[in-house]
Amino acid sequence: MTGYLIDLTGKAALVTGASSGLGRHFALVLALAGAKVAVAARRVDALEELCDTIMEAGGEAVAVPMDVTDAASVSAAVEDASVGLGGIDILINNAGVTDTRSVLDLDEAAWDRVMDTNLKGAFLVARAAADAMREGGQGGAIVNIASIVGLRVAGQVSAYAVSKAGLVHLTRAMALELARHGIRVNALCPGYVETDLNRDFFATDAGQALVRRIPQRRLGRPQDLEGPLLLLCSDAGAYMTGAVLAVDGGHLVSSL
Ligand SMILES: NC(=O)c1ccc[n+]([C@@H]2O[C@H](COP(=O)([O-])OP(=O)(O)OC[C@H]3O[C@@H](n4cnc5c(N)ncnc54)[C@H](OP(=O)(O)O)[C@@H]3O)[C@@H](O)[C@H]2O)c1
């Protein structure tokens with residue numbers, strides 16, 4: 001028999017996109033579970049405020065400035081996180097942006113911004129973290145934060161949906177190659193969770209209509225993702241790799 005309480009004491013976790021929304025929440029959850037955390041994003045003041053919050057609660061946290069679209073910035077930040085925490089055991093690959101408009105109005109710059117952040121950026125961070133995990137020799141867990149629109153399409157978010165579909169497949173490709181190093185790679189696909197990214201949309205009539213199409217008839221809350229996140233990044237999920245876990249109130253199985 002093994003215990004079922006998830007304890008990340010002694011583990012070091014890097015969370016990207018931790019300056020707001022889900023990433024900030026994920027960093028707090030991992031710290032509460034006992035992990036030391038490195039929090040990364042471009043808005044350093046928000047990261048420092050988060051580190052203060054974690055340390056006031058008795059945790060350990062460091063802020064690492066990172067622009068995921070810039071390979072040099074990613075390398076430097078992952079190195080800083082690894083030195084600051086004494087290695088990296090867990091990566092929450094969460095930084096992401098969206099762009100809401102018809103595919104007919106989607107210009108090249110918008111396409112590039114979404115792809116460079118959500119897909120290329122996620123690849124750069126995962127590659128650097130996996131390299132640090134391999135060098136550490138202890139294996140590790142990578143959780144890519146994708147989306148249900150990486151599994152089914154929705155209107156007005158074509159670049160975003162394609163980037164997340166790419167991230168789901170990158171998850172599988174990395175899982176295949178990194179298992180030999182003891183590194184697990186899984187994707188968490190949230191449904192619609194209210195954050196800064198989408199708050200304005202859910203205030204509209206179209207947003208309210210969308211909520212009515214979710215079988216559970218409500219938006220997700222950040223806390224709905226806590227159990228699935230902890231499963232994927234702890235030994236509770238030791239035999240899971242290449243998995244794609246949707247947490248969406250049943251949205252993917254909504255009636256056609
Ligand atoms: N909210 C939802 O309903 C939902 C559903 C499914 C999936 N997701 C995914 O969950 C993740 C977090 O989304 P959220 O809702 O929490 O949005 P959010 O509040 O806008 O947070 C996005 C985070 O990504 C960071 N980021 C953006 N561009 C970056 C860059 N170039 N380099 C480094 N960091 C960057 C931002 O930090 P800085 O601006 O400080 O750099 C911010 O911390 C995203 O990947 C999103 O696609 C969200």
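View 1. A nitrogen atom of the ligand lies 2.9 Å from a backbone N or O atom of Val68. The side chain of Asp67 has an N or O atom 2.9 Å from a nitrogen atom of the ligand, and that of Tyr160 places one 2.5 Å from a ligand oxygen. A polar contact is a pair of N or O atoms within 3.5 Å. This is a predicted model, in which local features need pLDDT of at least 70 and side-chain atom pairs pLDDT 80 or more, while totals for chains, interfaces and linings use all residues. Residues are numbered from 1 along each chain as its sequence is written, and side-chain values use heavy atoms, without hydrogens and water.

View 2. Helices α1 (21–32) and α5 (158–178) are the elements that give two or more residues to the shell; helices are DSSP runs (H or I) of at least four residues and strands (E) of at least two. Among the 31 residues around the ligand (a heavy atom within 4 Å), Leu22, Arg42, Tyr160, Val193 and Thr195 come nearest.

**View 3. The sheet.** Seven strands form an open sheet with parallel pairing, in the order β3-β2-β1-β4-β5-β6-β7; strands pair if DSSP finds at least two bridges between them. Strands β3 (61–65) and β7 (244–247) each have a single partner, so one side of each is left without a neighbour in the sheet.

**View 4. Strands β4 and β5.** Residues 90–93 (β4) and 140–145 (β5) pair in the parallel sense over four bridges. Leu91 stands opposite Ile142 in β5.

Definitions and conventions. A polar contact is a pair of N or O atoms within 3.5 Å; within protein, one must be able to donate a hydrogen and the other to accept it, and residues adjacent in sequence count only if both atoms are side-chain atoms.
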